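Here is a short briefing on one protein chain. Look at the fold first, then read the points below.

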Amino acid sequence: MDKYTNNKFCTAPMLDLSDDHCRFFWRLLSKRAMLYTEMVTTGAIIYGKKDYLAYNESENPLALQLGGCNPEDLAFCAKKAEKYNYQEINLNVGCPSDRVQNGGFGASLMAQPQLVADCIKAMKDAVSVPVSVKCRIGIDELDSYEYLTQFIGTVEQTGCDLFIIHARKAWLQGLSPRENRDIPPLKYETVYQVKKDFPNLNVVINGGIDSIEAAKEHLEHVDGVMLGRTVYDQPYILAEVDREIYGDQSAPLITRESVIDNIISYADRYVSQGGKLSNITRHILGLYFGCPGARTFRRILSQEAIHKGAGVECIERAFNAVKKAEVEYEEHERNYVSKSFI
């Protein structure tokens with residue numbers, strides 16, 4: 001399905017994490033991955049005082065995730081979002097938080113397949129861009145494969161052909177959102193079976209995928225993968241995506257140093273306009289994950305960027321600390337090799 005080429009590798013919508021600064025950073029690492037916004041509620045868009053749809057054009061291809069359960073409100077917001085050049089509108093049918101449940105949307109919508117279908121149809125009628133669903137494999141006692149296929153079949157009748165499926169069920173009572181990401185067991189085979197039973201759908205799998213190699217294995221069974229916490233905690237894996245997932249061998253090798261240079265320029269503009277440096281640096285803490293000096297890099301940014309008036313020199317200090325650690329590590333390795341031959 002050519003229109004979903006970019007959905008082969010997606011970053012997950014993560015509330016309070018995948019904001020515009022985070023997405024700017026991620027886009028430096030991969031030009032091809034489909035990025036998703038954090039969930040934006042219809043109420044925020046309709047009644048909010050700030051523009052919740054604005055973003056940096058460099059973030060594209062970008063999908064907007066909407067939270068809501070009123071077809072008319074969702075259609076209004078989707079139509080408004082299309083004018084901002086979002087490439088996809090996604091409906092949140094997977095978040096299990098109490099706040100979202102109290103609003104009548106998120107994972108609780110899985111108990112109302114026809115309402116989800118009505119919401120999707122209203123949005124599809126309002127926009128020309130793809131409209132998708134992100135759901136779980138089940139909720140509470142509604143966790144049979146038969147129920148999941150009934151849910152998908154009902155929504156599919158609207159013409160929706162992109163389903164992002166978190167391969168865990170959600171417990172709406174008794175587990176926190178964090179626990180719902182870890183405690184219910186992953187059932188990847190269930191998502192694979194959905195693809196087999198609905199071959200015309202574009203199926204993207206989500207949940208617990210922790211490496212590019214794991215992503216490749218899933219792509220043997222489904223059309224796309226979505227990674228959340230792994231990308232946030234170890235963002236440099238995105239540098240492999242264009243070559244390893246999309247097969248773009250002409251994609252340049254993005255170095256961490258070039259990323260830092262771009263982040264410094266971006267942060268300098270933002271801070272000069274009154275922005276707080278930590279709004280940006282909190283997203284890049286994992287850039288040197290697994291490298292010499294990674295802990296020092298995180299510590300400097302975590303402790304210094306939060307101070308009032310902190311500027312890009314904080315990022316420069318963190319970067320210089322990493323470079324120093326790399327030199328010391330290389331020297332240690334050379335000495336170790338030399339001694340081993342004595």
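Two strands pair if DSSP finds at least two bridges between them. Strands (E, at least two residues) and helices (H or I, at least four) are DSSP runs, numbered from the N terminus. By that rule, strand β6 (residues 131-136) pairs with β7 in the parallel sense, over four bridges. The model is predicted: local features need pLDDT of at least 70, side-chain atom pairs count only at pLDDT 80 or more, and totals for chains, interfaces and linings use all residues. Residues are numbered from 1 along each chain as its sequence is written, and side-chain values use heavy atoms, with hydrogens and water left out.

- Buried means under 20% relative accessible area, exposed over 50%, and partly exposed in between (1.4 Å probe, protein chains only).
- Five of the five residues of β7 (residues 162-166) are buried, so this strand is largely enclosed by the rest of the structure.
- Both faces of β7 are covered. L162, I164 and H166 are buried on one side, and F163 and I165 on the other.
- β6, helix α6 (residues 145-156) and β7 make a right-handed β-α-β unit. Right-handed means that, with the strands pointing away from the viewer, the path from the first strand over the helix to the second runs clockwise.

**Helix α8**

- Helix α8 (residues 188-197) has these buried residues: Y188, T190, V191, Y192, V194 and K195.
- They pack against α6, β7, β8 and α9 (212-218). Contact means heavy atoms within 4.5 Å.

**Residue L35**

- L35 lies in strand β2 (residues 35-36). It is buried, with a relative accessible area of 1%.
- Leaving aside neighbours within four places in sequence, L35 is in contact with several residues, including T11, W26, E59 and P61.

**Pockets**

- On a 1 Å grid over the protein atoms alone, a pocket is an open set of points with protein on both sides within 12 Å along at least five of seven lines, where a 1.4 Å probe fits. Lining residues have an atom within 4 Å of a point.
- Grid points are joined across faces, edges and corners, and a volume is the space filled by probe spheres set on the points.
- The largest pocket has a volume of about 740 Å³. It is lined by 32 residues, and P13, M14, H166, R181 and R229 lie nearest its centre.
- The elements that give two or more residues to that lining include β6, β9 (224-227) and α10 (229-233).
- The second largest pocket has a volume of about 500 Å³. It has 20 lining residues, with D19, E38, V40, K50 and Y52 nearest its centre.
- α1 (20-29) and β3 (40-41) each supply at least two residues of this second lining.

**Backbone details**

- A cis peptide bond joins N60 and P61, with omega about 5 degrees. P61 sits in the loop between α2 (42-47) and β4 (62-67).
- D16 is not a glycine, yet its phi is positive, about 70 degrees. It lies in the loop between β1 (9-11) and α1. At 54% relative accessibility, D16 counts as exposed.
- N85 has a positive phi too, near 70 degrees. Its loop runs between α3 (71-82) and β5. At 39% relative accessibility, N85 counts as partly exposed.
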